[in-house]
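Welcome! Have a look at the structure first, and then we will go through it together.

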Amino acid sequence: MEETIIQLLKRVKQQRPLVHNITNMVVMNNTANALLALGASPVMVHSPSEVQEVVDLAQALVLNIGTISEQTAEAMLIAAEHANNNGKPWVLDPVGAGISAFRNDLLANLLELRPTIIRGNASEIMSLYNVQQATTKGVDSTADSAAAVDSGKGLQQQTGSVICISGKVDYILSDQRLAEVRNGHAMMTQVTGLGCSATALIGAFIGVTGQVFDAAVAGVSILSLAGELAAGRSAGPGSLQVNLYDELYCLDEDTLKKHLQITCHGV
């Protein structure tokens, strides 16, 4: 898997895929900078009147419902349906799943459109699968990622999507494979939007390959590794955020081979 990620990173830098993000206002700058540091090209277009045209231009679509409004909800549904009709991959980040009826209704409609990849924390994935005991605290997870694996498997069967569950250990699962990523650092939880950045990076990788599972693992592991390396030279979350962009920009083959901690097996 490490060699696959190395090749995908090279492809992103060479092809500079355009990633269309309809994302939340809190993290818009963060995710744009993360994509640029990786080597991709971000565009943030939210108007329902123009999202179809931008989907046509982009190599991938990323939908993040963190600061959802009626207008952005409409734009997301239009964009996702248009992506499906034109064979464009799209990634869903169900931020805050379960905290309101409006948000849940939007997610139900987006799930019907079958995202290519879904990435969320444990509580969000459990909520999407309608696990009764799942609880959320705003957009933070109240469950360990391992506790959401069974829900992730059920959600994968429901939607056909590749499912990514973030946490101390990140889990990525398809109908046939399960990857466990053990990179990352606890300080990353003190910086807003790093999970959202991982979702955006997944969009970059799915924009250069048809191998959906590989793209998901690449996006999750690259962000986790960059955060881990950044934390090693950061005094706190402020410097970690800046250093993370530098780490993304400087990632190379030797660093990936030395530091990636990924295991894959069948499900």
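Where does UniProt place the feature "binding site"? The unreviewed UniProt entry puts this feature at Met-44 and Gly-193. Please keep in mind that this is a predicted model.

**The annotated positions**

- Met-44 sits in the loop between strand E2 (41-43) and helix H3 (51-57).
- Met-44 counts as partly exposed because its relative accessibility is 23%.
- Leaving aside residues up to four places away in sequence, Met-44 touches Asn-21, Thr-23, Met-28, Thr-31 and Ala-32.
- Gly-193, for its part, is found in the loop between strand E10 (177-181) and helix H8 (194-206).
- With a relative accessibility of 11%, Gly-193 counts as buried, because buried means under 20%.

**The cavity**

- One cavity of 30 Å³ or more is present in the structure, and the largest cavity holds about 30 Å³ of space.
- Its lining is made up of Asn-21, Thr-23, Thr-31, Val-62, Asn-64, Cys-196, Thr-199 and Ala-200.
- Strand E3 (60-64) and H8 are the elements that give two or more residues to this lining.
- H8 provides the largest share of the lining, with three residues.
- Sorted by class, the lining has five polar, three nonpolar and no charged residues.

**Linking the two topics**

- Asn-21, Thr-23 and Thr-31 are among the residues that Met-44 touches, and Asn-21, Thr-23 and Thr-31 are also among those lining the largest cavity.

Terms used
Residues are numbered from 1 along each chain as its sequence is written. This is a predicted model: local features need pLDDT of at least 70, side-chain atom pairs count only at pLDDT 80 or more; totals for chains, interfaces and linings use all residues. Side-chain values use heavy atoms; hydrogens and water are left out. UniProt positions are given in the numbering used here, feature names are shortened, and annotations may be inferred rather than shown by experiment. Helices (H or I, at least four residues) and strands (E, at least two) are DSSP runs, numbered from the N terminus. Buried means under 20% relative accessible area, exposed over 50%, partly exposed in between (1.4 Å probe, protein chains only). Contact means heavy atoms within 4.5 Å. On a 1 Å grid over the protein atoms alone, a cavity is a set of points where a 1.4 Å probe fits but cannot get out, and a pocket is an open set with protein on both sides within 12 Å along at least five of seven lines; lining residues have an atom within 4 Å of a point. Grid points are joined across faces, edges and corners, and a volume is the space filled by probe spheres set on the points. Ala, Val, Leu, Ile, Met, Phe, Trp, Tyr, Cys and Pro count as nonpolar, Asp, Glu, Lys and Arg as charged, and the others, Gly among them, as polar.
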